[in-house]
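Please open the structure in your viewer and keep the selection panel at hand. The tour below goes from one selection to the next.

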Amino acid sequence: MNNFILIFFFLSLGLVLQHLKQFPTPIYKTLNKIVIYFCLPAITLYHIPKIKWSSELLFPIGAGWITYILAFIFFHFLGRRNGWSNKLIGCLILTAGLSNSSFLGYPIIEALFGKKGLETAVLVDQPGTFVVVSTLGVFTAAFYSKGSPDAFGIFKKIILFPPFIMFVVACLMNIFQVDLNENLQSALLKIGSLVTPLALLSVGLQLTFDRKSQHWKFLRLGLFFKLLLIPFVIFVLYVFIFNQHSEVIKITIMETAMAPMITGAILASTYGLKPKLSSMMIGFGIPISFVTLAFWYFILSFI
């Protein structure tokens with residue numbers, strides 16, 4: 001419940017501050033950089049060394065990758081067919097293709113499936129969604145942003161992306177079974193805990209409710225894809241095609257049904273990919289997802 005209160009508090013705070021003339025609204029750009037360069041690497045360095053790998057983990061880990069690849073294919077070809085701008089296509093891929101599998105996902109999964117369910121949630125989030133945003137997400141942002149960088153330029157952005165660097169370091173620590181001492185781990189947790197308030201404050205500072213905005217139809221499309229279509233595809237793929245019915249699969253499907261990932265919206269905003277639309281995907285996606293998540297939980301109770 002505390003997490004949900006924080007969500008609406010910092011979103012609302014951002015909305016209030018953007019209407020205060022004395023407050024420097026463009027500070028959201030600085031907040032974005034703090035999230036990307038400090039908070040996200042700290043989260044990676046804390047969680048990845050602790051993961052115990054096995055073939056059974058492929059389903060929860062693979063869900064984030066499947067979701068993003070489908071979003072890329074869907075919005076890229078739909079956008080090209082309808083003459084959408086590169087910035088619009090990139091924004092929809094980054095926001096509709098990534099799930100909020102940690103800040104929203106962790107408390108919801110724990111509430112529905114208990115603390116043991118968090119083990120699966122971390123797998124969906126860390127080697128799944130989080131690595132996707134650090135690799136394919138950066139590729140998407142660089143590819144669709146202004147300037148259309150060449151292949152080497154995109155590759156350079158990925159390998160120099162701080163969360164990706166920390167992911168590589170954390171994977172090496174996992175392989176060699178090395179972990180940091182308790183004091184450093186505690187510091188990483190504190191730094192990582194800043195990601196949500198800072199990111200949500202940034203979203204609130206950019207969120208607008210212009211009824212005449214041309215973004216509304218794209219908001220509806222993006223949220224339909226993220227909250228309904230993708231969970232349905234994963235549900236059919238895992239349950240009916242792969243014939244999986246375990247609790248791990250239920251948790252995985254619930255994670256794919258979460259609202260858009262805040263980090264994806266921050267990345268889109270940082271690269272100039274329709275910042276207002278990316279903020280709307282978060283601002284409206286989070287409250288709407290509470291309704292759609294209840295729907296999916298009801299459906300999954302029958303498998």
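**A tour around helix 3**

Start just after helix 3, at glycine 83, which takes a positive phi of about 70°. This is a predicted model, in which local features need pLDDT of at least 70, side-chain atom pairs count only at pLDDT 80 or more, and totals for chains, interfaces and linings use all residues. Residues are numbered from 1 along each chain as its sequence is written, and side-chain values use heavy atoms, with hydrogens and water left out.

Next, select helix 3, residues 58–82. Helices here are DSSP runs (H or I, at least four residues), numbered from the N terminus. At 1.5 Å a residue, the 25 residues of helix 3 should span 36 Å, and its end C-alpha atoms are 35 Å apart, which agrees. The expected span is 1.5 Å times one less than the number of residues.

Now colour the buried residues of helix 3: Pro60, Ile61, Gly62, Ala63, Gly64, Thr67, Tyr68, Ala71, Phe75, His76 and Gly79. Buried means under 20% relative accessible area (1.4 Å probe, protein chains only). These residues pack against helix 4, helix 6 (117–134), helix 7, helix 12 (216–241) and helix 13 (247–256).

The axes of helix 3 and helix 4 come within 9 Å and cross at roughly 155°; axes are lines fitted to C-alpha atoms over the stretch in contact, and angles run from 0 to 180 degrees between N-to-C directions. Helix 3 and helix 4 are therefore roughly antiparallel to each other, a term for angles over 145 degrees. On the helix 3 side, the contact (heavy atoms within 4.5 Å) includes Phe72 and Arg80, and on the helix 4 side Leu92 and Ala96.

Which residues of helix 7 make the contact with helix 4? Gly137, Thr140, Ala141 and Tyr144 of helix 7 meet Asn86, Lys87, Ile89, Gly90, Ile93 and Leu94 of helix 4.

Last, select asparagine 100, in the loop between helix 4 and helix 5 (105–113). Is asparagine 100 buried or exposed? At 4% relative accessibility, asparagine 100 counts as buried. Leaving aside its neighbours within four places in sequence, asparagine 100 is in contact with Gly105, Met258, Ala259, Pro260, Met261 and Ile262.

Note on methods: Helix = DSSP H or I, 4+ residues; strand = E, 2+ residues; numbered from the N terminus. Buried < 20%, exposed > 50% of the residue type's maximum accessible area, 1.4 Å probe, protein only. Parallel < 35°, antiparallel > 145°, perpendicular 65-115°, else oblique.
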